[in-house]
Amino acid sequence: MTPGPRPTPGGLAAVSSALLAMSRHLEVRDVLKTIVASARELLDAEYAALGVPDDHGGFAQFVVDGISDDQWKAIGPLPRQHGILAAMLHNAETERLADVRKDPRFEGWPDAHPEMSDFLGLPIRDGDEVIGALFLANKRCPKPSGGCGFTADDEELLTILAQHAAIALTNARLYERSRELTIAEERSRLAHELHDAVSQKLFSLRLTAQAAAALVDRDPARAKGELHQVAALAAEAADELRAAVVELRPAALDEDGLVATLRTQIQVMDRAHSAHVVFDSYGVRALPAAQEEALLRVSQEALHNALRHSGADRVDVVLEKREDHVRLSVADDGCGFEPGGVRRAGRHLGLVSMRDRAGGVGGTLTVESAPGEGTTITMEVPGV
């Protein structure tokens with residue numbers, strides 16, 4: 001039996017780098033993007049894409065590389081499972097074509113879609129199940145007359161990558177499922193805690209309000225005291241609700257991303273408080289899920305402090321991309337404080353929690369404040 005072609009040392013290093021990159025990610029979306037970028041780079045193609053099918057003839061996820069965000073928006077809705085894509089998904093066959101446009105199964109593409117000619121695509125399998133389709137187009141090389149730029153060696157290399165992609169994608173799905181189960185368990189636990197703690201507060205609140213009503217005619221002074229207690233109990237119940245809710249990862253973070261979630265929450269805060277709360281974002285796109293959650297939680301805690309304790313007229317929240325990191329800053333023009341004095345008094349204003357969240361995702365947290373000079377809390381996380 002004649003052995004197959006061996007990758008060059010440089011090719012082996014590239015394959016190794018691609019496989020290591022895939023293994024570093026636990027989020028499905030991150031894994032998909034890494035697979036596509038690695039495939040395009042390894043085979044020196046102009047375009048690459050990976051589609052994960054849904055159960056309704058379309059794609060649950062579709063990731064591209066080599067196409068700008070503006071181009072992608074102009075192309076329109078995700079493709080359906082038809083033509084060559086359907087062949088790879090349903091027949092589980094590798095497709096290597098000199099010109100995809102001349103294949104009888106080709107059904108065209110939207111006006112904004114880039115022109116593609118030579119094509120290499122193959123299914124990604126988990127056992128007997130096809131869990132995705134990986135394909136590349138427009139090999140950057142001189143094309144043989146009437147032939148495909150992609151070679152049998154390219155096909156073999158992409159097959160190896162697809163096999164490891166299946167493992168990485170399956171692991172990422174298992175991780176996300178495990179996390180969903182953990183979140184469900186945590187929600188159940190919090191529901192019990194909310195029921196126990198808040199129900200007791202509301203019961204006390206009702207009894208105290210009834211006592212105040214009974215006293216209002218015959219002993220107004222005592223009735224006034226009971227009403228003050230009503231206000232205190234209501235504030236405690238609100239605090240316990242807020243503390244529990246803040247521990248839940250909002251569904252909007254998964255659906256809309258960090259920037260949109262922050263913008264929505266800050267718009268609500270701006271309407272609900274007398275202070276003017278402003279949000280600006282510069283150049284930040286998707287981040288790893290753990291970083292997004294940590295940034296959201298720190299912003300919530302910092303905003304809570306600013307709106308409740310500082311007496312600020314204005315709070316500015318800025319999320320921006322720097323060269324090698326992303327920075328979040330929450331700055332208010334309130335009364336400020338002396339950070340060392342807060343620590344000595346045993347009051348932390350959530351600073352310990354915020355530092356723990358930042359450190360947990362490889363980031364840092366700094367606090368700048370002085371009496372009468374407002375407060376700025378800054379969190380930075382690595383990333384591009």
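Biologist: In β2, which residue is the bridge partner of Ala-48?

Modeller: Two strands count as paired if DSSP finds at least two bridges between them. In this predicted model, the bridge partner of Ala-48 in β2 is Asp-65. Strands are DSSP runs of E with at least two residues, helices are runs of H or I with at least four, and both are numbered from the N terminus. Strand β2 covers residues 59-65 and runs antiparallel to β1, to which six bridges join it.

Biologist: What lies between β1 and β2 in the hairpin?

Modeller: Five residues lie between the two strands of this hairpin. In the turn, Gly-57 has a positive phi of about 85°.

Biologist: With which residue of β5 does Leu-50 form a bridge?

Modeller: The partner of Leu-50 in β5 is Leu-134. Strand β5 (residues 129-139) pairs with β1 over six bridges, in the antiparallel sense.

Biologist: Why is β1 described as largely enclosed by the rest of the structure?

Modeller: A residue is buried under 20% relative accessible area, exposed over 50%, and partly exposed in between, with a 1.4 Å probe and protein chains only. Strand β1 spans residues 45-53, and seven of its nine residues are buried, so the strand is largely enclosed by the rest of the structure. For the protein of 384 residues, 39% count as buried.

Biologist: Is His-228 buried or exposed?

Modeller: His-228 counts as exposed because its relative accessibility is 53%. The residue is found in helix α6 (residues 220-246). From C-alpha to C-alpha, His-228 and Ala-209 are 9.9 Å apart in space, while 19 residues separate them in sequence.

Biologist: Where is Asp-313 found, and with which residues is Asp-313 in contact, leaving aside its neighbours within four places in sequence?

Modeller: Asp-313 is found in the loop between α8 (289-309) and β7 (314-321). Contact means heavy atoms within 4.5 Å. Leaving aside neighbours within four places in sequence, Asp-313 is in contact with Ala-275, His-276 and Asp-333. Asp-313 has a relative accessible area of 60% and is exposed.

Biologist: How many helices and strands does the protein have, and on what basis are the values given?

Modeller: The secondary structure comes to ten helices and ten strands. Residues are numbered from 1 along each chain as its sequence is written, and side-chain values use heavy atoms, with hydrogens and water left out. Because the model is predicted, local features need pLDDT of at least 70 and side-chain atom pairs count only at pLDDT 80 or more, whereas totals for chains, interfaces and linings use all residues.
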